[in-house]
Amino acid sequence: MLGSRREGRDLQKVGFYDPIKNQTYLNVPAILDFIQKGAQPTETVYDILKRVEAFKEFRFNQTKFN
């Protein structure tokens, strides 16, 4: 999820999603901190965050991402 560079090791692990086991773990405060600092989640990550209502506690420009 968020917090990893394009190449190399993760900057910080902030969650995972396993669709086969239907398991999700999100460190929402860390994710929102990355977004406040300018990180842009992929559309998939954005949809997961929206589904768990992570943006209720954060004013976020809900523009679709490319």
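This is a predicted model: local features need pLDDT of at least 70, side-chain atom pairs count only at pLDDT 80 or more; totals for chains, interfaces and linings use all residues.
Visitor: What makes asparagine 22 count as exposed?

Guide: The relative accessibility of asparagine 22 is 63%. The term exposed requires a value over 50%, so asparagine 22 counts as exposed.

Visitor: Where in the chain is asparagine 22 placed?

Guide: Asparagine 22 lies in the loop between strand S1 (15-18) and strand S2 (23-26). Its phi is positive, about 55°, although the residue is not a glycine.

Visitor: Why is glutamate 53 called partly exposed?

Guide: Glutamate 53 has a relative accessibility of 46%. Buried means under 20% and exposed means over 50%, with partly exposed in between; glutamate 53 therefore counts as partly exposed.

Visitor: What is the phi of glutamate 53, and in which segment does the residue stand?

Guide: Glutamate 53 has a positive phi of about 60° and is not a glycine. Its place is in the segment after H2.

Visitor: How do you know that S1 and S2 pair?

Guide: Pairing requires at least two bridges between two strands. S1 and S2 have four bridges, in the antiparallel sense, so the two strands count as paired. Within this arrangement, phenylalanine 16 stands opposite tyrosine 25 in S2. The two strands form a hairpin, with four residues between them.

Visitor: What pattern do the elements follow along the sequence?

Guide: The pattern is β-β-α-α, made up of two strands and two helices.

Visitor: What makes a group of residues a nonpolar core?

Guide: The members must be buried residues of the listed nonpolar types, joined through side-chain atoms within 4.5 Å. In this model the largest such core has 14 residues, and Leu26, Ile31, Ile35, Leu49 and Phe55 touch the most other members. Helix H1 (28-36) and helix H2 (43-51) are the elements that give two or more residues to this core. H1 provides the largest share, six residues. In soluble globular proteins, nonpolar side chains tend to be buried together.

Visitor: How much of the chain counts as buried?

Guide: Of its 66 residues, 32% count as buried, the cut-off being under 20% relative accessible area. The accessible surface of the chain is about 5,300 Å², and carbon and sulfur atoms hold 45% of that surface.

Visitor: What share of the contacts with a separation of 6 or more joins residues 24 or more positions apart?

Guide: Such residues account for 30% of those contacts in the chain.

Definitions and conventions:
Residues are numbered from 1 along each chain as its sequence is written. Side-chain values use heavy atoms; hydrogens and water are left out. Buried means under 20% relative accessible area, exposed over 50%, partly exposed in between (1.4 Å probe, protein chains only). Contact means heavy atoms within 4.5 Å. Accessible areas come from the Shrake-Rupley method with a 1.4 Å probe; for residues, only the protein chains shown count as cover.
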